[in-house]
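This report describes one protein chain for a reader who is new to structures. Please keep the sequence and the 3D view at hand while reading.

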Amino acid sequence: MTPTNMPAVSIDINMFWQIINFFILVFLFNKFLKKPLMIIIKKRREKIAEEILEAKRNNEKAFSDKEEANIILKNAKKEASEIVQLAERKAEERKEAIISEATTQREKMIKSAEAEIEKMKQSAKKELEKEMSKLAVSLAEKIIKENLNSDLTTALTDKFIDEVGELR
């Protein structure tokens with residue numbers, strides 16, 4: 001069999017109708033579907049653009065919030081440090097006040113004790129003088145009684161006792 005040569009492109013009636021159907025389909029597509037599809041695509045592009053802008057704004061806001069948080073943290077650390085230093089100063093001042101008050105109280109107590117000791121010393125001294133006077137009088141009486149047993153002795157003794165009694 002001998003091969004028959006076929007033309008490279010054969011245009012027959014079916015091909016003609018397929019081309020016409022294709023152009024009708026393109027016309028119908030452009031007439032009825034192109035506008036709604038373009039509206040949907042346009043809305044989708046706008047939505048994507050808005051989301052990108054919002055993401056950029058959120059990113060910038062997050063960055064500024066992070067910077068603000070860092071500044072607040074630094075200020076809080078500085079304030080905490082100042083509070084600690086103030087508390088240390090107040091504690092030191094309170095310590096000094098307590099020490100000063102304790103020193104004053106100690107000095108008052110020492111002065112009070114010294115005054116009390118002085119009073120007790122004076123009281124003991126007076127008591128000792130009284131006892132010494134009594135002992136001197138009784139010793140003098142004994143000596144006079146032993147040495148002089150006369151009426152004159154009694155008179156002198158009475159006189160001596162009266163003089164000693166006046167001294168007291």
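Helices are DSSP runs of H or I with at least four residues, numbered from the N terminus. The model shown here is predicted.

**The chain and its helix H1**

The secondary structure of the chain comes to two helices and zero strands. Helix H1 covers residues 13-147, and Leu 37 is found in this helix. How far apart are the end C-alpha atoms of H1? They are 190 Å apart, which agrees with the 201 Å that 135 residues should span at 1.5 Å a residue.

**Buried and exposed parts**

Of the 168 residues of the chain, 4% count as buried. Val 137, Ala 140 and Ile 144 are buried residues in H1. The chain exposes about 16000 Å², and carbon and sulfur atoms supply 62% of that area.

Which residues make the nonpolar surface patch of about 970 Å²? The patch is made by Ile 24, Phe 27, Leu 28, Phe 29, Phe 32, Leu 33, Leu 37, Met 38, Ile 40 and Ile 41.

**Aromatic pairs**

The structure holds two aromatic pairs. One is formed by Phe 16 and Trp 17: the pair is edge-to-face, with 5.7 Å centre to centre and 70° between the planes. Phe 16 counts as partly exposed because its relative accessibility is 42%. Trp 17 is partly exposed too, with a relative accessible area of 48%. Phe 22 and Phe 23 form an edge-to-face pair as well, with 5.9 Å centre to centre and 65° between the planes. Is Phe 23 buried or exposed? Phe 23 is exposed, because its relative accessible area is 55% and the cut-off for exposed is over 50%.

**Salt bridges**

Side chains of opposite charge can pair when their charged atoms come close. A search of the whole structure finds two salt bridges.

| Salt bridge | Distance, N to O |
|---|---|
| Lys 61 and Asp 65 | 3.1 Å |
| Glu 92 and Lys 95 | 3.4 Å |

Where do Lys 61 and Asp 65 lie? Both are in helix H1, four residues apart, about one turn of the helix. Glu 92 and Lys 95 also both lie in helix H1, three residues apart, again about one turn of the helix. An α-helix has 3.6 residues a turn, so residues three or four places apart point the same way.

Asp 65, its partner in the salt bridge, counts as partly exposed at 36% relative accessibility. In the other salt bridge, between Glu 92 and Lys 95, Glu 92 is partly exposed with a relative accessible area of 38%. Lys 95 counts as partly exposed at 41% relative accessibility.

How values were computed
Residues numbered from 1 in each chain as written. Predicted model: local features only at pLDDT ≥ 70, side-chain atom pairs only at ≥ 80, totals over all residues. Heavy atoms only, no water. Patch = residues over 30% accessible without salt bridge, like charges linked within 9 Å, V, L, I, M, F, W, Y side chains within 5 Å. Areas by Shrake-Rupley, 256 points an atom, 1.4 Å probe, with all protein chains shown as cover. Salt bridge = Lys/Arg side-chain N within 4 Å of Asp/Glu carboxyl O. Phe/Tyr/Trp six-rings, centres within 6.5 Å; stacked < 30°, edge-to-face > 60°. Buried < 20%, exposed > 50% of the residue type's maximum accessible area, 1.4 Å probe, protein only. Expected span 1.5 Å × (residues − 1).
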